[in-house]
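Please open the structure in your viewer and keep the selection tool at hand.

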Amino acid sequence: MKAIIQHNYAIASLFQALYREGEFVYFAQNDGTKFHQYTLGYSEIEDWFLTNQAKPNLYFTPSVLLNKESTPDLRDSFSKQRGFCLDLDFGTEGHKVKTHFTNEAETLCYLKSLPIKPTMIWNTGHSIQALYLLDKKLDLTNQEARDEWLKICTTIKTLSYSDTLPSPEHLFRIPCTINLKEGCAPVTSNIIEFNSANITSMETLQKLHYQYGIDDLIEQKTKLYRHSARSDDIPFKDLPEEAQDIALDPGTGDRSHDFFIVVLKLNSMGYSLETIHGALLENVDFADKYGDRLEKELQRILDKISGNKAVYYSRNTDHTALVRSTEMLETHRLTECSDPDSDVVGMLKKYIAEFALASTDALQNSLKFHEHLFNKCDSGVFETGCGYGKSTWALCRIAAKAAGTEPYIYIVETLDAVRKAHSVLLNLDPNMDAGVYHGFDQQQCKSLTGKSRTWKETVKGDECICNTCAHHKACTFYGRDKALKQSAAIMTHQGFLILAEQGKINTKASVIIDEDLQTMLSADFTLKELLDIDRWTCKVTGNQYRNLGKLLPGTLMEHYIEHSVLKYDPTLNNPTYCGNHYAAFSSNTKLVKDGLSDIGMAISSAMGSVPEHVWSFYFFFRSARNLETDFILHETQDKNGTPRLHLKKNRIGLGSIKARKLWILNASASLSPNTYPDSMKIHRCVDLQPNSHRVNLYVIEANPMRSKVGDNINASNALLKAHSELKRHTKVLLTLSKQDGSGAKIIKMLKPALHHDVDIKVINRGRLKGTNEVSDRTLVVLSCMSVFTTVDNCAMELALDNKRTIPRPSIYNKHGAPRMHRGYFEVPDIQEIYACSALDELYQALYRSAIRMDQDVDVVIAIPHLEWLSALHRTVLPDFALQAAYRWKDGKLDDNPQVLGFCELLEIAEGESIKKSDIAGKLGFKGKTAWKDNKDRILFWLDPFFDAGTRELIRKKK
């Protein structure tokens, strides 16, 4: 190819790298009226190129044909491949659909941020195309290898926003040739970069497929896995060939991941623990990695599989779903529980007398259940309904048992709750050694000193204003450290998390956490704020070495800080860009110490004048100086093109907290979006049934996202007008979105449909948990608030849960809209996080009302899918009564036969059967083949409640 080399060394190098003597390759040319196809031998490429280089629209494939007679437009015509190409469109000219990138600079910047580096990059005039040479050729005649490659191609396309798959048959423009599109001026493509040293390994691509691909996230949720259906132990040699292949060659090369996949697949096939264990021993890699721990690791994974906290299990292209399995729950009967100690019983009697409560069987039984499990197990989660005495038990237990040799830490949500719990304990035992631990309380400080202090003035050090204050004895903030040494310490969730991050939790203490502990921490910074943090730090310390960027690896922010550049310039050292990833990484404690050293020094030397965003940045990262923490970085741009950085981390894993005992009190634990460690099972007493029989539901099938709130308000108003029985309520709870200032407007709209003397109390999201101020409300309208926290938040939590980077294209399409199908997110995990958070919040809001006082409550609720109602029924509202169910369509309410039929089916007595054809009719499906056509969808809804017969379904035991 001497002539080509003389013409363009890079083009010759491209062809020489991809093709070999004796091979046939596919080239093409489009003259605007006809598409010309050429099957060329290696020796013919040079003459063809020199003859045609002046013609427009020349194309090549990076693949090799089987032979000269191959038909180039068929996938199976290709035999091998030594590289692949990507095609990233930008701008508007020459494109029929909207492109993801605006210009060449933005496209190039993103291309270079990918975890694989191109050998050659060229600009076609309307897109950036890139070639990636492989370290070894792909054998496309091997069907298994071809299938694996096509899966990897899908991941690469999604990750890169490539216009086409980098698969064998796709054509790409030859660099330095003419691009002529209809309605556009001709453009000669130019080579931007050529680096022959950039070679991509197949191992890298396989790891990339696992790390960035989402296929496995979807696949893992396609079935509801249970522990072994077969109890017999089958020797490995007697297993079917398929099962043997799974055990011996799972595929990715990541042993931890492969181990999980093997267990998952063999368990789903119904094999016993013993059979799976025997199969794992046949894999040398597993035996070498786990050794004597193999069986224990197997059991841990089986427990994790059966205790999966997923809400949705997507099983087919329609994305129909099944609510979670209750195998994660451990249920108990009161008859199994031993009698509580007399001192705890005595403290309950004192509690009832002290606060003039009625002594009920529920309180006595609740005490018995909680005491039994607390004494029996070191950790767990109590899922006892709201109003069933969880907090009462905790306070009575602490008052009766807390002593120097048996200290307790009690954790509640708010500072008011801290003070109330402290007061209750001292009422129960005035001589009790109990203290409170909390952060700076400006209101308390002002009441003591008469001055308005800020928390910055109270930070420990020489400048701390508390050092010279005369009110030490009365100030619980000043004496907070003393509380940590007392027999009972009461603190907020935030205070506990800070202490846990710092490793200051008393390991001899029993820890009781009231309500679910939210361990996630988020922060948000603009580029200007980050640059300001860096410059302020340098100014205070006199050090111009820029180490702040170390905390933001692989981002444009890192580049800007290191060069102190505000204006975006992609030519400066080719900055990378993770703006389309939710980039997950585990912090290296040395990296964080280095990154925080100067900023920590600056804060210490300028305590009183530290800007707010400097504190926020420092506090976000400081815990990682002591322990490795999982972080998420997500870099975006606002509407003005200014970069913003979103950070999220899991502050501490519950499983890493060292304490004598660790228990969480959470009435809706089975709906919690948090993942509890394997050691913390959820415990429920079936004899302490929540009073959900007092809940009367009025259901609107509607999307509870912010964009649909207006429709949901109108639907709620129409529902209230349609049901005259709801006019009897004079006390109403209305829940609204966070920072929603339209409460007065919504109240004005709803009032005419209600009692003429109605009192409507509004509570915004964020204040729903832990409040008892609305316990007199007998009508609850939950349908006027958004219960969705943004797709980005869900994606970041998904990345944290899976400890992997999630490509933004997996979450959003190229138009910026969430990837959804028929109202479901395409990634089931996103749907699960959304549903868990929303249902948990709806339940907590509902149980703030008069149901806490054991009164009947009417509830208007908006839910998007029948699965949500099923989830509520199976977990926290097992005995609700459905009063009405509607859809909001074209500005009016329509009956919802699916919801009505589903609830009617749930009323069938245990052991009774119903014909499958009748079931389809009750669920609103019509026609002679209604059951057959909708079987999968129906079984997803009913599988938790019915066993399958030949022609009927049989109601399971409730």
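Which residues does Thr537 touch, not counting residues up to four places away in sequence? Select Thr537 together with Asp598, Ile599 and Ala602, for these are the residues that Thr537 touches under that condition. Please note that the model on the screen is a predicted one.

**Stop one: Thr537**

Remain with Thr537 and display helix α20, which covers residues 527-541 and contains this threonine. Thr537 counts as buried because its relative accessibility is 6%, and the cut-off for buried is under 20%.

**Stop two: aromatic rings**

A pair of aromatic rings is described by the distance of the centres and the angle of the planes. The model holds 30 aromatic pairs. One of them is formed by Phe259 and Phe286, with 5.2 Å from centre to centre and 85° between the planes. This pair is edge-to-face, because planes over 60 degrees apart are counted in that way. Colour helix α9 (residues 255-268), where Phe259 lies, and helix α11 (residues 284-290), where Phe286 lies; the pair therefore ties together parts that are 27 residues apart in sequence. Phe259 is buried, at a relative accessible area of 0%, and Phe286 is buried as well, at 1%.

Next, select Phe15, Tyr19, Phe27, Tyr38, Trp48, Phe49, Phe60 and Trp122, which ring pairs link into a cluster.

**Stop three: charges over rings**

Select Lys289 and Tyr290. The charged end of Lys289 sits over the ring of Tyr290, at 5.5 Å from the centre of that ring. Then move to Lys649 and Phe620: Lys649 lies over the face of Phe620, and the distance to the ring centre is 5.3 Å.

**Stop four: two residues with positive phi**

Most residues other than glycine have a negative phi. Select Asn57, a residue other than glycine whose phi is positive, near 60°. Asn57 is found in the loop between α3 (45-52) and β3 (58-65). Is Asn57 buried or exposed? Asn57 counts as buried, at 5% relative accessibility.

Finally, select Ala356, whose phi is also positive, near 55°. The loop that holds Ala356 runs between α13 (342-354) and α14 (361-376). Ala356 is exposed, with a relative accessible area of 70%, whereas Asn57 is buried.

Key. Residues numbered from 1 in each chain as written. Predicted model: local features only at pLDDT ≥ 70, side-chain atom pairs only at ≥ 80, totals over all residues. Heavy atoms only, no water. Phe/Tyr/Trp six-rings, centres within 6.5 Å; stacked < 30°, edge-to-face > 60°. Helix = DSSP H or I, 4+ residues; strand = E, 2+ residues; numbered from the N terminus. Buried < 20%, exposed > 50% of the residue type's maximum accessible area, 1.4 Å probe, protein only. Lys NZ or Arg CZ within 6 Å of the ring centre and 35° of its normal. Contact = heavy atoms within 4.5 Å.
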